[in-house]
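The structure is shown first, and the description follows.

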Amino acid sequence: MKKHVLILLLLAAFASATSTVTAQTKKSSKSSGGGSGSSGYQTGIGLRGGGYSSGLTIKHFLGSKNGVALEALLTTEYKARGARLTILGEKHKSISDFKGLQFYYGAGFHAGSYQGRYYFADSRYYYKGRKGDVYLVRDYRFDDQTYVAFGADLILGLEYKIEDLPFVIGVDYKPFFDVFNGYTGFYNDAAVSLRFAF
């Protein structure tokens, strides 16, 4: 029951953040004359697949020319039962020699709820008692408890707006720091995304 309430709260926060961003963007578009600016689009909705995080991605540019965007990710992880909401602020820079290609970087935060088997439990074994030979065994946790995870994210990526088509293809590297059930960890995440742009 607690799991469902937490997921509903995360979805409500996601909807609230999206509506706030939309309202701010409409206001700034009216004052600046609108348009998609150097990105070639205003909003993109699609799928992100890869490493730890796979799921829905929504990116929205806040101004017509400044290259600043907010990206929201609603994802789940391999073998995990639950979901995570990530909000990222990103700065985009066009690559002048290649029309439609942009480099971007940014940071943000995330929160999620998982049941049981989200993180690895590590066990270290030493071969014949020598400290030089270390074997690391990683297993997923298997239990029915619901855990909350939260932390901070960085992102670095490239995306390409396909000319004459409403699609954006991107690749990103998103390392993140996580706090989970009293434990902390640093994880590497990389993914490919495809968004419908409008």
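Two strands are said to pair if DSSP finds at least two bridges between them. Strands (E, at least two residues) are DSSP runs numbered from the N terminus, as are helices (H or I, at least four residues). The model is predicted, so that local features need pLDDT of at least 70 and side-chain atom pairs count only at pLDDT 80 or more, while totals for chains, interfaces and linings use all residues. Residues are numbered from 1 along each chain as its sequence is written, and side-chain values use heavy atoms, with hydrogens and water left out.

Strand S4 is joined to strand S5 (residues 101-115) by 13 bridges, and the two run antiparallel. The table lists the pairings with one residue pair from each.

| Strands | Sense | Bridges | Residue pair |
|---|---|---|---|
| S3 (residues 68-76) and S4 (residues 82-94) | antiparallel | eight bridges | Val 68 and Lys 91 |
| S5 and S8 | antiparallel | 15 bridges | Ser 113 and Val 148 |

The hairpin of S4 and S5 has six residues between the strands, and Gly 100 there takes a positive phi near 90°.

Most residues other than glycine have a negative phi. Is Asp 164 buried or exposed? Asp 164 counts as exposed because its relative accessibility is 75%, where exposed means over 50%, buried under 20% and partly exposed in between (1.4 Å probe, protein chains only).
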